[in-house]
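Biologist: I am new to this structure. Could you show it to me and take me through how it is divided up?

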Amino acid sequence: MADQLTIRETAAPAAGVRVPSVNIYAPQWRNFVFVAPFLFFFTTLLIFPLFWGMWLSVHKADTFSTGRFVGLDNYVRLFHDKVFLQSVWNTFYFVLLTVPTLALIGLFLALCLNRRTRTAAVLRTLFFSSSVLSVTIVTLIWRIVYIPNVGLLSTIYGWFGATAPAFISDPSLAMIGIAIATIWWCIGLPMMLFLSALQQIPQDIYEAAALDNANRWQTLRSITLPSIKRTFILVIIIQIVLQFQLFGQAWLMTRGGPNNLTKPIVLYIYETAFRRWDLGMGAAASEILFVLILIAAMAQYLVTRNKGDQA
Amino acid sequence: MSASATSIKGRAFGDRVLLALVILLSIIMIAPVLWVIGLSLKENAELMANPNSVFHAPYTLKNYINTIGTSSVFRWVLNSIIVSGGLTLGTLILSSLAGYGFARLNFPGRNILFVIVLFGLAVPEQAVLVARHQIFSMLKFHNTYHGLILPGLSASFGVFLMTQYFRAIPKELDEAAMLDNASRFRIFWKVLLPLTVPAQATLGIFTFLGAWNDYFWPLISATKKDMFTLTVGMASTQTNFAQSEGIGFLMAQAVFAGAPILIIYLFFQKYIVTAVSGAAVR
């Protein structure tokens, strides 16, 4: 390698003279300058904070002081904190409410809208449009749907002389209310992922099935669904990772109430680290969330790795 | 098709049920938005007296005039444009350079570095937020534009996307130039970069949209009203929501903040859908 470098350096000043073919793909330090700018930000703003966070999680720290070493004390305190345990449970409950619903409605829409008509195109645009809105606007919209008196829901119930369910204030309904708003917000992505999977199924399989007189239900069950099995798993995992990070909807719609029943892990981290300024404990809680998400991400990696096996 | 009359009938009936379901879901998608627009066009006093008044005149633009009169909203829009624009530009530059480096050039430790960068995809923002916030406090980066922009530059998705894209370009294109001893940067700039425009568009729109809608980091980093992004600013005005005072005004704000992004979506739909789905599958 050193020889190649010297050839280059001595030959370079003689402009226009062709260098005897050297291995242009040999490792060279000067090529590093292309990746260096990104790696600088990547290291200082992601890798370093990642380890700093782990270090913080075993310290008693506030904003400016690094504090003192407390070992696993923060973690022990977390697992004795009823609010934290509640928030872990809430997060799982929320994932359970949203993820299967998102996958099933997304699949249903994709199956119905996978055609070349103009109406289908307009409807696809419609169902994806909510995904581009920010969480602030989505929660604003849904609070105005749920709010008593002028809310959309209470108005509709009013036409029938009924009282609308109190989706924000009723302890047993609050999380469901947040889940409905979230499904409304996030339905576009699963639908699009299913649509692109459906379009990759070769048409001739369907033609063969039609020749065999297969009815629509048979075609769906024995051709369509098996072909998109991998996408289905992928959608589930992606949504688990996304919905695990629930924060904005809960913070803006209910502030985690009533009685912490809609407080997810991220909101717990936010309150612990940035409202009570107990950075050590906040960091410890975020490490636990990290591990949970990492497990899901690893599952996603395992699913996507075998891409070549199945179309 | 050789289906019998009954199965055709059954098919038509099934189609109608499916159609009804799709229409129902469409109404659920659209009704809340129409409701918000309706409320934004009404006088508050009238709404309080009877919410059904949304369905008939008089309508007014007063709430929108009030929204525009609130100077903060413009400041927040400006902040969002600066932050999202800055982050998008930075991401495109860093990702293109690094993508070229990883895809085409060799340097000591390249493969292990690329694996580490890929690992970055799996790190959720929350795992680094607390530490990042403390570091930024020490550097006095909070309530500044660079404080809002910098964290996003560490995301590896763009590098991953650009590396894939550069790898897909046939090697013959730049190999000749390399043997001709053209500088690496010249090859990157003149030969390869013009070919990556579709990927740049996808990555740019994805980054811009993500930054525009980001809520958590601006919430903890920009604590001064002047430095709020639109997302955080809008959230801050919702606090006295419970008194249902000025609902029409709040709704006008929501429309004001949501409409531009929806219009952009309608224009760049193809790119946005590709970007978002591509990012999810990676």
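Modeller: Domain bounds here come from an automatic or database domain assignment. For chain A, the assignment gives domain 1 (2-72) and domain 2 (75-309). This is a predicted model, in which local features need pLDDT of at least 70, side-chain atom pairs count only at pLDDT 80 or more, and totals for chains, interfaces and linings use all residues. Residues are numbered from 1 along each chain as its sequence is written, and chains are lettered from A and ligands numbered from 1 in the order in which they are written.

Biologist: How many residues of each domain of chain A take part in the contact?

Modeller: Domain 1 of chain A contributes 12 residues and domain 2 of chain A contributes 9 residues; two residues are in contact if their C-beta atoms, placed from the backbone, lie within 7 Å.

Biologist: Which element gives the most to the domain 1 side in chain A?

Modeller: H2(A) does, with 3 residues on the side of domain 1 that touches domain 2. Helices (H or I, at least four residues) and strands (E, at least two) are DSSP runs, numbered from the N terminus. Helix H2 (36-56) and strand S1 (59-60) of chain A each supply at least two residues of that side.
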